[in-house]
Structure formats: structure tokens, C-alpha cells
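Open the model in your viewer and keep the selection tool ready. This tour makes a few stops.

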Amino acid sequence: MQPSANNQLEMLRTMQTIRRFEERASDDFHAGDIYGVVHCYIGEEAVAVGVCSALKRDDRIISTHRGHGHCIAKGADLNRMMAELYGRETGYCKGKGGSMHIADFKIGMLGANGIVAGGIPIVTGAGLAAQLDGKGGVAVSFFGDGASNAGGFHESINIAAKWKLPMLYVCENNLHSANTPASKTLALEDVAARAAGYGIPGVVVDGNDVLAVHDAAATAIARARAGEGPTLIECKTYRWRGHTERPNAYEHRQPDEIEAWKEKDPIARLVDNLVNQQGQLSDEEWKQMDDDILRAIQDAVDFAKASPFPTPESALEDVFAS
Ligand SMILES: Cc1ncc(C[n+]2csc(CCOP(=O)(O)OP(=O)(O)O)c2C)c(N)n1
């Protein structure tokens, strides 16, 4: 079922928030204000938003190294996220984790993860917890096409299928894994086809169409809540920026491929739908929405810059082993 106009406007706002957050993070990284590594999700926003808009607050998700979009889509606080990127004490990990370690258990965001495929078994455990709880919760694993070649993916999906865990496995197939084209590592065209090997549904979705992603997610979530087990959803999408914001001597993608995918911009597509087809948004309202988002991002940067760095004495606090 198509989400209401209000819900679609909320989806648009969240996608644009992700984009503006990352544009700013990229600018500030290049200005030397943000440390560590920043992996941008720009171009893939429809996946996180399409799925998370179909979830409840208590449902749990896990993310990847490219995690800002999942955090924002699940409702994370922009100030604390930006402060974490800026390495400040007010950040989600008190400034000690950076971009790849943002988690917020209160909203069911179990964390980004710098280990490729590392989150998949963890969130499968959350699926088991939800099943044991018996309250109808679901758990979602976001991961890339590269991660779908790792052992943790296969082991997790196998046991989730066998135990009928309330899980969604959402593969963000952006056609490249760091500096390797997916075509060089995947023997199949579709990651979703692997679902057959585990006896669960595998669905291929246009990952740049937020309404299509939402629809596929809603179907899989209903199945999971009904106790029928996991679904593997493969979203075909594309990242516009390099693998990370650092200079990349190994960038192999051709400019015309990147440009062709920019033509399929998931945000422009929803705007066009809402403005020209559904008549639910005027150009002025869209501009106003974007201005509001830019202001919220600026507030987050101001909050981060006004916050202190963690003290050297706190380096060993909040660690499990030292
Ligand atoms: C276990 C492990 N191996 C290698 C790396 C280095 N690495 C970081 S991201 C990445 C590519 C991941 O590709 P994919 O899962 O398709 O996600 P994408 O970057 O395309 O979003 C690699 C190999 C890592 N972080 N962890």
C-alpha cells in the first residue's frame, strides 16, 4: 500500500537530511575539521529511508561502515552524530568512535560497523532476541554487495531461515565493493538469488525508488512479524562519491557511469512524483523544507564546534578491554 502523502513528505525530508548531513560532513572533512574516515551514502538514501519508514521505533537495525543514512533514517540525533564526527565529548561515543561507530540503542540503532559483514551476525542475534521476546519485533541487517560474499552473511541467513527469525537482510548493491566491481566477485547477477539456497524469499528492488523499497520492506516485515521468517531484499543502487572521502588512487569507476546514476537521483525522483504527479508539494514548500534541513545541519555543526574534545584522561573510560 502506498504511504500517505504526509508519510511520503517525511520520507523526502529524511532523505534530504541524509544528503545535506553528508555534503556538510564531506566539506568539513576536506577542510580538516573532521578526523578519521567518512564514507558517504549519497545516492543510496532511498534504501535506508524506504526500509526504516516501514519499521517501528523498537525494531532494531544494524549498519555498516557507510552508516550515516541508517542512523538518520532510524531517528538519530543530528547534533550528537555531528559531534561524534567532530570527535567531541558530546558525540554518541563521547568523540572516541567517529563516523563508523555511531549507535543509539534507544531508537533500535545497534551501530555502524567498520568490519565488513561484521554487523550481520550481531543483528541476527537481535532477531533471535525479538523472537524469544514474543512481542512482534523485527531486526534488519543492512550490508553491501561485498559483504554478501563473507561467511558471516551465509552463516547468519542460514540459521535465521532455519529458525524463522523475524529478520530482513537488506543488501545495498551499489555495484562496487570499495575498488572492485561486483561483477568481478559475484558469480550471479543478483545477490537476491542466493536466498533460494536458504529457502527464503529473495526480492530485487529498484533501490533508487523509495516507495518501491518501502513496499518491499513492508511485505517482508509483515511476513517476519507473522512468524514466517526472514526475507533477503536486494536494492540496486549506486554511491555517487568515492569509497571514502580520502583521495582514492584506485578509483576505477568511469565518470559516465557515475553521471548516468546521478540521473536516477532518488531524491529528485520523489520530488518530481510529489510535485508533478501527486500535486502534494509546491516548489516553494520544497525550498522551505530544504532550508529548514540546512538550518538543522548548521545547528548540528555549531553544537559540535562548541563542544569540548574528550580529555586525555578519559581515553580508557568506556572500553571493554585495555
Ligand atoms: C573484514 C573486512 N575486510 C575488508 C575491509 C576493508 N573494506 C572496507 S569497506 C570494503 C568494501 C565493502 O563493500 P560493500 O560491502 O559492497 O559495501 P560498500 O562499501 O559498497 O557500501 C572493504 C573491503 C574491512 N573493513 N573489513
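Start at Cys93. This cysteine is partly exposed, with a relative accessible area of 26%.

Before moving on, know what you are viewing. This is a predicted model: local features need pLDDT of at least 70, side-chain atom pairs count only at pLDDT 80 or more, and totals for chains, interfaces and linings use all residues. Residues are numbered from 1 along each chain as its sequence is written, and side-chain values use heavy atoms, with hydrogens and water left out.

Next, select Cys52. Is Cys52 buried or exposed? Cys52 is buried, at 7% relative accessible area. Cys93 is in no disulfide either; its nearest cysteine sulfur, that of Cys71, is 9.6 Å away. A disulfide needs two cysteine sulfur atoms within 2.5 Å. The structure has zero disulfides.

Now select the ligand. How many residues surround the ligand? There are 14, and the closest are His65, Arg66, Gly114, Gly146 and His176.

Zoom in on the polar contacts (pairs of N or O atoms within 3.5 Å).

- Asn174: a polar side-chain atom lies 2.9 Å from a ligand oxygen.
- Ser177: a polar side-chain atom lies 3.1 Å from a ligand oxygen.
- Val116: a backbone N or O atom lies 3.1 Å from a ligand nitrogen.

How values were computed
Buried < 20%, exposed > 50% of the residue type's maximum accessible area, 1.4 Å probe, protein only. Near = heavy atom within 4 Å. Polar contact = N/O pair within 3.5 Å; in protein donor to acceptor, adjacent residues only side chain to side chain.
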